[in-house]
Amino acid sequence: MSCILHIETSTDVCSVAISQDGANLFERIDEKGPNHAVILGTFVDEAISFADSHTDGLQAVAISRGPGSYTGLRIGTSMAKGICYGRNLPLIAVSTLELLCVPVLLNHDDMEDEALLCPMLDARRMEVYAGVYDRALNPVRTVAADIVTPESYREYLDCAPVYFFGNGAAKCKDTLGHPNARFIDGITPRATWMFPLADKKMKAQQFEDVAYFTPFYLKDFVAKMPSRPLL
């Protein structure tokens, strides 16, 4: 039985959850942020106390690795590493863009078989950080920093319906006028969406090196583009 502590701090939303064999045992979420530095410690303390009293003990810690905000990911990663060191637990890292796809796949079973998924994280102006995946979460296009124009994603939209979601998708609705463009509102990263991705990595023993793991910061994109302000 796999009991995992999940920590998600890649955006203004801060959430913590406990899963056991993919089932949700505990969740705390704050969507009023960014309040990560204030509330994450409390959420984690409550989660660990719950796991210690209601399960046979934690077996791993899963972190949302980004892309995401520098401050949020740094706080979440520091907390996860501290728990891993203190309890001698392995660290699992889950892509933030992939976890955004989980609620879409679970709750939209009427989606076309050939549909593609495009999770988006908001950047400045008409910029987003996005990836493109098929329904099996195989990457069709790797994560990139995009300036959204009417021609963006046309090579995918011309071939199949593309579902756009995440906190960067809303500002693209008026720009992406292609008939194959679909938009899903209200999709935010949260710890409970990490469960299937973390469980898969747990079974495959795909763990990170706790000492050397670093998140996927949005600023890593920006650093390569001097014309864009650092986040």
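Helices here are DSSP runs of H or I with at least four residues, strands are E runs of at least two, and both are numbered from the N terminus. By that count, P67 sits in the loop between β4 and α2 (70-87), and the protein as a whole has six helices and 10 strands. You're looking at a predicted model, where local features need pLDDT of at least 70, side-chain atom pairs count only at pLDDT 80 or more, and totals for chains, interfaces and linings use all residues. Residues are numbered from 1 along each chain as its sequence is written, and side-chain values use heavy atoms, with hydrogens and water left out.

**Overall build**

- The radius of gyration (taken over C-alpha atoms) is 18 Å, which agrees with the value near 17 Å that a compact globule of 231 residues would have; the globule rule is 2.2 Å times the number of residues to the power 0.38.
- Along its principal axes, the C-alpha trace covers about 55 × 40 × 30 Å.
- Of the 231 residues, 51% are buried (under 20% relative accessible area; exposed is over 50%, partly exposed in between, with a 1.4 Å probe and protein chains only).
- Take the contacts (heavy atoms within 4.5 Å) with a separation of 6 or more: residues 24 or more positions apart account for 64% of them.

**Surface and charge**

- The accessible surface comes to about 10700 Å², and carbon and sulfur atoms own 50% of that; the areas come from the Shrake-Rupley method with a 1.4 Å probe, and for residues only the protein chains shown count as cover.
- There are 21 positive and 29 negative side chains, with the centres of the two sets 6 Å apart.
- For that tally, Lys and Arg are positive, Asp and Glu are negative, and His and the chain ends are not counted; each charge is placed at NZ of Lys, CZ of Arg, CG of Asp or CD of Glu.

- Helix α3 (residues 96-107) has T96, L97, L99, L100, C101, V102, P103 and V104 as its buried residues.
- Over in helix α5 (residues 195-203), the buried set is F195, L197, A198, D199 and M202.
- Those buried α5 residues pack against α3, and also against strands β1 (3-8), β2 (14-20), β3 (23-30), β4 (60-64) and β5 (91-94).

**Two buried spots**

- T192 is in the loop between β10 (181-183) and α5, and its 11% relative accessibility is why it counts as buried.
- Leaving aside residues up to four places away in sequence, T192 touches A17, N24 and E27.
- A145 is part of strand β8 (residues 139-147) and counts as buried because its relative accessibility is 16%.
- A145 and A130 are 15 residues apart in sequence, with 6.6 Å between their C-alpha atoms.

- The peptide bond from G66 to P67 is cis, with omega near 10°.
- N88, in the loop between α2 and β5, isn't a glycine but has a positive phi, near 55°; at 70% relative accessibility, N88 counts as exposed.
- Q205 isn't a glycine either, and its phi is positive at about 60°.
- Q205 follows α5, in the loop that runs between α5 and α6 (218-222), and counts as exposed at 54% relative accessibility.
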